[in-house]
Amino acid sequence: MNTAPIPAAPAEEPRWLTAEEQRVWRSYIEAATLLEDHLDRQLQRDAGMPHVYYGLLVKLAESPRRRLRMTELARYAKITRSRLSHAIARLEKNGWVRREDCPSDKRGQFAILTDEGYEVLGRTAPGHVDAVRQAVFDRLTPEQQKSLGEIMRIVAEGLQPSEVGADLPWLR
């Protein structure tokens, strides 16, 4: 009997980025990092909250009766349930959100935007939209804005597996 190991198939050479692709990729990373920092600093200064918390409040404000299942909110925010639970606890402490048990699912909970949270969002939104406009939209032509939207939609769709059981942090 032959006990020699079976040789592994030769590994394929990675598809390295071209110089132009590398330039585009690094520009994207730099811009995304700077934009997130810019928006985080604006929201911390104006409302004492990070950008991710603002996004949670916005999603709740847009939801029927300003409430959403915690699992749906985690999926929207693309964060783990644990991180969402921590964020909601902080927002509860501020009086901006409250939790309510789900009557049809003993383990489920709703996050509900309070009137105070809605008011904070209303006061914060003008400064935030101004920061977004200055950082992004005022720098781009209408054609560039349209292209950016199309490109980001394609990238996002390609990164969200649709199969059941996909290993995504916000499903854990």
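Strand 3 gives the largest share of the lining of the second largest pocket: four residues. Keep in mind that this is a predicted model.

Let's stay with that pocket. How much space lies in the second largest pocket? About 250 Å³. Strand 3 spans 105-113. Helix 3 and helix 4 (81-93) also give two or more residues each to this lining. Now the names. Arg69, Met70 and Thr71 are on the list. Sort them by class. You get five charged, four polar and two nonpolar residues.

Next, the largest pocket. Its volume is about 2000 Å³. The lining has 39 residues. Which of them are closest to the centre of the largest pocket? They are Tyr28, Ala32, Leu35, Glu36 and Met152. Find those on your screen.

Which helix supplies the largest share of this lining? Helix 1, with 13 residues. Helix 1 runs over 19-47. Other helices take part too. Helix 2 (51-62), helix 3 (70-77), helix 5 (115-135) and helix 6 (142-159) each supply at least two residues.

Now the classes again. The lining of the largest pocket has 24 nonpolar residues. Nine are polar, and six are charged.

One last point on helix 3. Helix 3 gives at least two residues to the lining of the largest pocket. Helix 3 also gives two or more to the lining of the second largest pocket. Look for helix 3 when you turn the model.

How values were computed. Residues are numbered from 1 along each chain as its sequence is written. This is a predicted model: local features need pLDDT of at least 70, side-chain atom pairs count only at pLDDT 80 or more; totals for chains, interfaces and linings use all residues. Side-chain values use heavy atoms; hydrogens and water are left out. On a 1 Å grid over the protein atoms alone, a cavity is a set of points where a 1.4 Å probe fits but cannot get out, and a pocket is an open set with protein on both sides within 12 Å along at least five of seven lines; lining residues have an atom within 4 Å of a point. Grid points are joined across faces, edges and corners, and a volume is the space filled by probe spheres set on the points. Ala, Val, Leu, Ile, Met, Phe, Trp, Tyr, Cys and Pro count as nonpolar, Asp, Glu, Lys and Arg as charged, and the others, Gly among them, as polar.
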